[in-house]
Amino acid sequence: MAGTKYEILDPETGWLDPSIYTDQEIYRREMTHIFGRAWLLIGHDSLIPNPGDFFHTYMGEDPVILSRGSDGSVNVLLNMCRHRGARLVRADDGNCNSFVCSYHAWTYGLDGELEYVPGEQEVYYGELDRSKLGLKRARVATYAGLVFATWAEDAPSLEDYLGDARWYLDMEFNRSGKGTYAVGPHKWIQPINWKTAVDNCSDWYHVPVSHASAANAMFRVLGEPRFTHDRLFQMKGRAAFVNGHQVQYFKMPEDSLAGQSKSIPTATAEDDTAEAVERLGEFRAKSVVLGTHSLFPNTVLGFRLAIPRGPLKTEFWHFALASNADTPEQQREVLRVHTARNGVTGHFEADDVDNWRQVSESGLSGTYRELGQRVNLGIGHTHTDDVFPGALSDRFVSENNHRHFYRRWEEFMNADSWADIPLDPQKATYEGTAGMNE
Ligand code: FES
Ligand SMILES: [Fe+2]
């Protein structure tokens with residue numbers, strides 16, 4: 001709605017308006033102003049290795065086809081026929097030479113060009129301009145095998161969009177030059193608003209409470225003490241917010257928990273330190289571990305999507321990323337860990353989803369809307385650093401990233417175009433040879 005200005009967070013007090021989880025008008029605007037503009041993680045190179053391969057995925061509520069052209073190029077196409085909007089692809093994935101609509105057989109190439117229309121001369125009288133009726137194409141770019149797309153012609157490059165969040169993400173996604181491949185996704189639907197799963201990526205305050213049984217079972221197996229509040233509050237990590245993206249990181253080796261925090265266990269059993277030092281430099285390769293993280297708007301805990309399906313409905317797509325260097329046994333271990341923790345039947349997942357449902361539904365209560373939520377933990381206790389990029393929390397447990405996430409949400413929702421959306425310049429030092437795609 002033109003002229004609407006959303007102020008849903010008070011940065012002084014941490015007051016947060018719960019109607020952002022339940023309001024239909026807000027949801028409709030999120031689809032255009034956030035999911036219609038941002039670079040969205042939608043897939044992985046390894047899902048479409050050969051010419052003609054396609055993978056069906058989503059940009060917000062828009063169904064899209066990720067396809068590999070005959071020349072090896074990557075295409076992202078709106079999966080809606082330009083005639084009457086019928087879906088061309090009905091399968092999750094596959095291989096084909098063209099996309100044929102099952103309503104009236106308009107036929108599109110792997111690049112979305114409209115190649116054939118039945119009766120083009122006989123019933124369209126030769127008056128149809130096929131060159132203007134290709135499938136709508138999104139801009140596409142990749143980082144370390146991850147495929148992103150945006151509808152916005154005026155969006156910055158993916159590299160600028162990720163900004164210095166990549167300084168942290170590299171340690172998980174770019175440590176090895178051997179690459180990764182995606183397994184999955186597991187898919188399931190929960191009655192929650194998508195944002196609650198995203199802001200929770202920086203919420204360690206709940207871990208000793210909500211995950212007490214799962215965490216303590218895990219630590220018992222590892223021979224470590226129970227995960228108490230005391231133990232949590234001693235943790236040496238920090239929360240960092242960089243260009244819209246949330247990161248929790250740990251500085252090694254003081255923190256013995258760091259190795260347990262990795263949400264995507266891609267590391268091989270072999271010592272890969274030498275290669276990591278070459279790619280990322282000594283400091284990042286040996287001293288920093290990426291913990292929980294999310295990319296704006298809806299990537300959570302690594303390669304996992306929280307796809308909106310309505311204000312109170314979210315479809316999760318959970319992928320595991322395995323290393324191309326892993327042995328079959330190591331690949332099985334990656335899958336086992338994913339399934340046990342945050343897959344659809346994961347011990348941690350079941351705890352989380354109940355919280356997200358309660359938080360989302362608080363927006364239905366008129367009385368509670370008057371009170372509002374509080375994301376005020378750690379207000380005023382933040383800093384910046386010459387080495388670690390972003391806005392940093394002074395302690396590991398903080399709601400600094402929650403507040404930044406909802407401010408970023410306001411920036412997108414209130415902008416008329418990308419020209420109104422601020423972007424932090426890249427300032428971090430990238431030692432080593434790893435780049436966006438090498
Ligand atoms: S809707 Fe696709 S050909 Fe008619
Ligand atoms: Fe959790």
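## A first walk through the model

Let's start at a proline: proline 297 sits in the loop between strand 15 (288–295) and strand 16 (299–300). Keep in mind that this is a predicted model. The peptide bond that joins phenylalanine 296 to proline 297 is cis, with omega at about 5°. Another cis peptide bond links glycine 184 and proline 185, and omega is about 5° there too. Proline 185, though, has its place in strand 12 (residues 180–190).

| Residue | Phi | Loop |
|---|---|---|
| Tyrosine 125 | about 60° | between strand 9 (114–116) and strand 10 (139–143) |
| Alanine 144 | about 50° | between strand 10 and strand 11 (146–150) |

Phi is positive at tyrosine 125 although this residue is not a glycine, and the positive phi of alanine 144 likewise belongs to a residue that is not a glycine. Which of them is buried and which exposed? Tyrosine 125 has 9 other C-beta atoms within 10 Å, so it is exposed. Alanine 144 counts as buried because it has 23 C-beta neighbours inside 10 Å.

Now step back to the whole chain. The domain assignment gives domain 1 (40–141) and domain 2 (162–420). Taken over C-alpha atoms, the centres of domain 1 and domain 2 are 34 Å apart. Where the domains touch, seven residues of domain 1 are in contact with seven residues of domain 2. On the domain 1 side of that contact you'll find three nonpolar, three polar and one charged residues.

Four strands make an open, antiparallel sheet in the order 5-4-3-6. Its edges are strand 5 (74–78) and strand 6 (93–95), each of which pairs on one side only. From one strand to the next, the twist averages 30°. Strand 3 (residues 53–59) and strand 6 run antiparallel and are joined by three bridges. Aspartate 53 has asparagine 95 in strand 6 as its bridge partner.

Finally, have a look at helix 1 (residues 24–33), where Ile26, Glu30 and His33 are buried. These three cover an arc of only 85° around the axis, so they lie on the same side of helix 1. What do the buried residues of helix 1 pack against? Their partner is helix 12 (400–414). Gln24 and Glu25, on the other side of helix 1, are exposed.

Key. Residues are numbered from 1 along each chain as its sequence is written. Chains are lettered from A and ligands numbered from 1 in the order in which they are written. This is a predicted model: local features need pLDDT of at least 70, side-chain atom pairs count only at pLDDT 80 or more; totals for chains, interfaces and linings use all residues. Domain bounds come from an automatic or database domain assignment. Two residues are in contact if their C-beta atoms, placed from the backbone, lie within 7 Å. Ala, Val, Leu, Ile, Met, Phe, Trp, Tyr, Cys and Pro count as nonpolar, Asp, Glu, Lys and Arg as charged, and the others, Gly among them, as polar. Two strands pair if DSSP finds at least two bridges between them. Helices (H or I, at least four residues) and strands (E, at least two) are DSSP runs, numbered from the N terminus. Axes are lines fitted to C-alpha atoms, for helices over the stretch in contact, and angles run from 0 to 180 degrees between N-to-C directions. A residue is buried if 20 or more other C-beta atoms lie within 10 Å of its own, exposed if 12 or fewer, and partly exposed in between; C-beta atoms are placed from the backbone. The arc is that of the directions from the helix axis to the C-beta atoms.
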